[in-house]
Amino acid sequence: MNRRTLLNTSIALAVLAPAAAFAAPIEATLYKDPSCDCCEAYAKYLDKNGYKVKVIPSPNLEQVTLAAGIPQSLVGCHLTRIGNYVFEGHIPAPLIKKFMAHPGTAKGLAIPGMPDGLPGMPAMAGMTVSPIAIYLVGTPKPVVFATVD
């Protein structure tokens with residue numbers, strides 16, 4: 001194979017390959033209660049969606065969460081840090097990416113509690129409450145960023 005054919009083949013493969021194959025995983029740190037299993041499931045979900053998640057069991061999770069700027073009314077199951085942003089609870093990866101593209105002045109997102117049917121949480125028959133509000137963190141009053149049905 002000559003150089004020109006090799007170059008053309010390489011260019012064609014690069015164009016046809018998905019962009020995600022070339023993207024490095026996004027570093028994330030998830031702080032969780034040491035006895036919580038759903039947090040581990042959420043970390044695996046993030047791993048499958050382009051994140052490299054470091055899980056840190058934290059016996060003082062509430063202190064970590066409140067120190068990160070999550071209001072008591074928006075406390076969820078675990079706290080994930082990605083860069084300078086915080087994500088509280090089982091937030092779907094597409095909404096994290098949407099937020100990261102245009103964060104404005106917010107610090108992150110939060111889903112209070114542990115709603116069924118979200119990533120990392122099993123859907124319990126008849127238990128899912130819909131829609132589920134996802135709030136911006138770091139605004140003077142809670143502002144809904146998105147809802148999940």
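How many aromatic pairs does the structure hold? There are 4, where rings of Phe, Tyr and Trp (its six-membered ring) pair if their centres lie within 6.5 Å.

Before you click on any, some ground rules. This is a predicted model, in which local features need pLDDT of at least 70, side-chain atom pairs count only at pLDDT 80 or more, and totals for chains, interfaces and linings use all residues. Residues are numbered from 1 along each chain as its sequence is written, and side-chain values use heavy atoms, with hydrogens and water left out.

**Stop one: the aromatic cluster**

Select Tyr85, Phe87, Phe99 and Phe145, which form one aromatic cluster. Now zoom in on Phe87 and Phe99: their ring centres are 5.7 Å apart and the planes meet at 85°, so this pair is edge-to-face (planes over 60 degrees apart count as edge-to-face, under 30 as stacked and the rest as tilted). Phe87 belongs to strand 4 and Phe99 to helix 4 (residues 93-101), so the pair ties together parts 12 residues apart in sequence. Helices (H or I, at least four residues) and strands (E, at least two) are DSSP runs, numbered from the N terminus.

Are these two buried or exposed? Phe87 is buried, at 1% relative accessible area, and Phe99 is buried too, at 0%. Buried means under 20% relative accessible area, exposed over 50%, partly exposed in between (1.4 Å probe, protein chains only).

**Stop two: the strands**

Show strand 3 (residues 79-82) and strand 4 (residues 85-88), which pair antiparallel over 4 bridges; pairing takes at least two bridges found by DSSP. Leu79 has Glu88 as its bridge partner. The two strands make a hairpin with 2 residues between them, and Gly83 in the turn has a positive phi of about 60°. Strand 3 also pairs antiparallel with strand 1 (residues 26-32), over 3 bridges, and there Leu30 partners Thr80.

**Stop three: the cysteines**

Select Cys36 and Cys39: their sulfurs are 3.1 Å apart, too far for a bond, since a disulfide is a pair of cysteine sulfur atoms within 2.5 Å. The disulfide count comes to 0. Cys39 is buried, at 0% relative accessibility.
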